[in-house]
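This briefing goes through a structure chain by chain, from overall layout to single residues. The sequence and model come first, then the notes.

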Amino acid sequence: MTKDLTINVHHLTRVEGHGNIVVNVRSGAIEKCEWQVPEAPRFFEAMVRGRHYTEVARITSRICGICSVGHTLASLKATESALGIRISEQTRRLRELLKHAENFDSHVLHVYFLAAPDLLGAPSVFPLVATHGEVVARALRLKRLAHEWGSLIGGRTTHPTTAVPGGFAKLPTAKQLDELKQRLLAAVPDLAATLDTIVALAPKVPAFDRPTEYVALSADADYALYDGLVQSVLPDGRKERYPVASYRSVTNEHVVPASTAKFTRHKLDSYAVGALARFNNNYDTLHPEAKKAAARLGLKPICTNPYMNTVAQVVEIVHSAHDGLRLIDELLAEGIRDEGLAAPTKFASGAGAVEVPRGILFHEYAYDQDGMCLGGNCVIPTNQNHANIQHDFEKLVPELVAAEKGEKEVELSLEMLVRAYDPCVSCSTHYLDVTFVR
Amino acid sequence: MRYLVGFGNYTACDDSVGLRIVEYIAEHGLEQGFRALDLSTNSLNLVSYLRPDTEAILIVDSARMGMAPGEVRFFTPEQVESRKAPERLSTHEGDVLKVLELARELGYPMPPIVFMGIEPERVTSEIGLSKALVERLPAYAAAAIARLRDL
C-alpha cells in the first residue's frame, strides 16, 4: 500500500488557463484531494452594461480565444430572444455551419495537440514530429481546414465579424461554399486516418468509471450544437428537458473555498458537459458516419468514463464534417440570398445557449427601450465541469492509492483526467518571451 | 500576398498591442497592398498563410525582450530563442516561434518572416493598452507597414 503521496501540480500544462492539482496522502489516508482554480474573475457581464445591442456579441466574443464563435452565437441568440428578432432559415444554417467549424477546430486541437501526447508518452507535440511525423502533419492539415472554414463563414475564425444580430453582415458566395464542400470531401481520408490513430491509441485510455449527470442541448431533429432545449441524462438513463430561459434552475452556480470559479450542480452533486455529455444525451441524432466512428472506437451511450471525452470529440469531428456537408448542400440548393438584418420587435430580457467545444454555454441579457444593455450573465462550460472533476478526483485517488500507484503515476492520471475535460479556465496571455542569440 | 499578422489576448492589456495595430490599420483604411489579420491567441492558424504564394509575413506581437516599455525591435525567428516551455503549447498559450519551428520541420513553405516585438509595460487582465504604448499606436502602425513593404 502506498503510504505517502504529495502531489502539487501548479499551473497544469496543456490546458487553457491556470488550474492546480493538490493531493496529500499520509499513511494511506487521503488528507487533501483538490482541483483548484485560482484564476481571477474577469467581469465581462459588467463590461456589457450600457452598451448597445449591436456591440454586445463583439465584446463577449472576447471572453475566449477558442470558443469565440460560440460566445458570439450564444450572445446573439440571447440578444435576439430579448429583442424578439427572428432570424431566417439561411442565417440559421450558416450559423450551424460556423458552429461546426469551431467545434471541429477545437477538437482537432485538443485531440492531436493536447491529449495525444499523453497517449503517446510524449511531453508535447514537438517530439512527435520525429516519431509520428505524418500524424502531426495531418493534425496541421485539419487545423488549417478548420481555420479556413471558420474564416469563410465568420469573417475570421477567432472573434468572428460577420455574424450580427438579425443575420449576417457578409455572406459567402455559392462558389466559395462549393469550394469548402470540395475541401471537406478531400479531408475525408484524413478523418479516416484520425479514426485509425485513435482506435490504435484507445487501449491506452485509462479505465475509470464514475456515473454522473450529463447536461447538453438536445433536439429531436438534430445533434443540437446550435439550438435546442437543455437536457439532462442521469446514470439510470432518465432524461429531462428544460427551456433555455430557465437555465439557472439547471446550473445552480455556487461558491466553494478551493476555487475562484463558481461550481454548479443539478440533480446530483455535480454534472458534466462537453462532447461526452452531448454524445450521452444525443447519440440518436449523430450523423450515420459519426455513429460508425463511435462503433469503431467502442464508444456507446451512456459512457461514464470521463477520459473518453477525448474519444467523443473524435466522433464529433466526424459528425461536424459530414453534417457540415449536409448544410452546404442545403444552402446551395436554396441559393444564397442577400437578406436584410431582422429588426427588433421588443426590448426586454432573454437567454440563449449553444454547444461550444467544451459544453453548453449560456448567455442572458436585459435591454432598455433604446436597446442599451442593462445587465448580463454568462455561464461557461468549464465552470460547469469543475465540480465534476473534483468528484472524479475523490473517486479516482483512493482507487489509485489502493492499486499502490506511485506519485508520478497518480500525478499523470490526474493530469490526464483534467485534460480529458479540455478545460478552458481562462484566456491566458500570449506574449513572446525571447532571448536574442544573434 | 503580404500579411501583417497580429497576435495577442485582447483582454490582457499590452498583450493585445498586435491586435490593436491591426484594428488601427483597418479603422484608418491603411490596408493597401497587404492583408492585416487578427489571429488573436491562435498561433497555430498561422500555418494557413505559409503558402507558396505568400510573399512576406510581418508578425506584430508584444515581446518580453528586456527593453523599456513601448520600445520596438524587429527580428527574424532565427535571431531569438523562446524562453517558453514547449509543453505549454496550447491555443491560449501559443508560442508562434514554436509553431514556425513545427511548420518548418514539416516542410511548409517559409516566406520571409519578421517579428515586430513591442515591449509591454504590463500584461494584466485589462481592456486597453498602457499609456506607454497607446500613445505610440500610430507610429507602430506606420513602422509595421513600412517594414512589411520592405520585406
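Helices (H or I, at least four residues) and strands (E, at least two) are DSSP runs, numbered from the N terminus. By that numbering, α1(B) is followed by B:Gly29, whose phi is positive, near 60 degrees. The model is predicted: local features need pLDDT of at least 70, side-chain atom pairs count only at pLDDT 80 or more, and totals for chains, interfaces and linings use all residues. Residues are numbered from 1 along each chain as its sequence is written, while chains are lettered from A and ligands numbered from 1 in the order in which they are written.

**Chain B: overall layout**

- Chain B holds four helices and six strands, and along the sequence these follow the pattern β-α-β-β-β-β-α-β-α-α.
- The radius of gyration of chain B is 14 Å, close to the 15 Å that the globule rule gives for 151 residues, so chain B is as compact as a globular protein of that length. The radius is taken over C-alpha atoms, and the rule is 2.2 Å times the number of residues to the power 0.38.
- Along the principal axes, the C-alpha atoms of chain B fill a box of roughly 40 × 35 × 25 Å.
- Of the 151 residues of chain B, 49% count as buried. A residue is buried if 20 or more other C-beta atoms lie within 10 Å of its own, exposed if 12 or fewer, and partly exposed in between, with C-beta atoms placed from the backbone.
- Among contacts in chain B with a separation of 6 or more, 78% are between residues 24 or more positions apart. Two residues are in contact if their C-beta atoms, placed from the backbone, lie within 7 Å.

**Chain B: helix α1 and selected residues**

- Helix α1 of chain B covers residues 17–27, and its buried residues are B:Val17, B:Gly18, B:Leu19, B:Arg20, B:Ile21, B:Val22 and B:Ile25.
- These buried residues pack against strands β1 (2–6), β2 (35–38), β3 (56–64) and β6 (113–118), and against helices α3 (131–134) and α4 (137–150), of chain B.
- B:Arg64 belongs to strand β3 of chain B and counts as partly exposed because it has 15 C-beta neighbours inside 10 Å.
- B:Arg64 and B:Pro120 are 56 residues apart in sequence, and their C-alpha atoms are 6.9 Å apart in space.
- B:Ser40 sits in the loop between β2 and β3 of chain B. Its phi is positive, about 45 degrees, although B:Ser40 is not a glycine.
- B:Ser40 counts as buried because it has 31 C-beta neighbours inside 10 Å.

**Chain A: domains**

- Chain A is divided into domain 1 (5–40 + 389–420) and domain 2 (44–384); such bounds come from an automatic or database domain assignment.
- The centres of domain 1 and domain 2 of chain A, taken over C-alpha atoms, are 28 Å apart.
- In chain A, 17 residues of domain 1 are in contact with 17 residues of domain 2.
- On the side of domain 1 of chain A that touches domain 2 of chain A, β3 (29–36), α13 (381–402) and α14 (407–420) of chain A each supply at least two residues. The largest share of that side, five residues, comes from α14(A).
- By class, that side of domain 1 of chain A has seven nonpolar, three polar and seven charged residues. Ala, Val, Leu, Ile, Met, Phe, Trp, Tyr, Cys and Pro count as nonpolar, Asp, Glu, Lys and Arg as charged, and the others, Gly among them, as polar.

**Chain A: a helix pair**

- Helix α8 (residues 188–201) and helix α12 (residues 309–334) of chain A pack at an angle of about 170 degrees, with their axes 11 Å apart. That makes α8(A) roughly antiparallel to α12(A).
- Axes are lines fitted to C-alpha atoms, for helices over the stretch in contact, and angles run from 0 to 180 degrees between N-to-C directions. Angles over 145 degrees count as roughly antiparallel, under 35 as roughly parallel, 65 to 115 as roughly perpendicular and the rest as oblique.
- A:Leu191, A:Thr194, A:Leu195 and A:Ile198 of α8(A) make the contact with A:Val311, A:Val314, A:Ile317, A:Val318 and A:Ala321 of α12(A).
- The contact of α8(A) with α12(A) has eight nonpolar, one polar and no charged residues.

**Chain A: backbone details**

- Most residues other than glycine have a negative phi, and most peptide bonds are trans.
- A:Asn252, not a glycine, has a positive phi of about 40 degrees. A:Asn252 lies in the loop between α9 (248–251) and β9 (271–272) of chain A and counts as exposed, with 12 C-beta neighbours inside 10 Å.
- A:Pro301 and A:Ile302 are joined by a cis peptide bond, with omega about 0 degrees. A:Ile302 is in the loop between α11 (288–297) and α12 of chain A.
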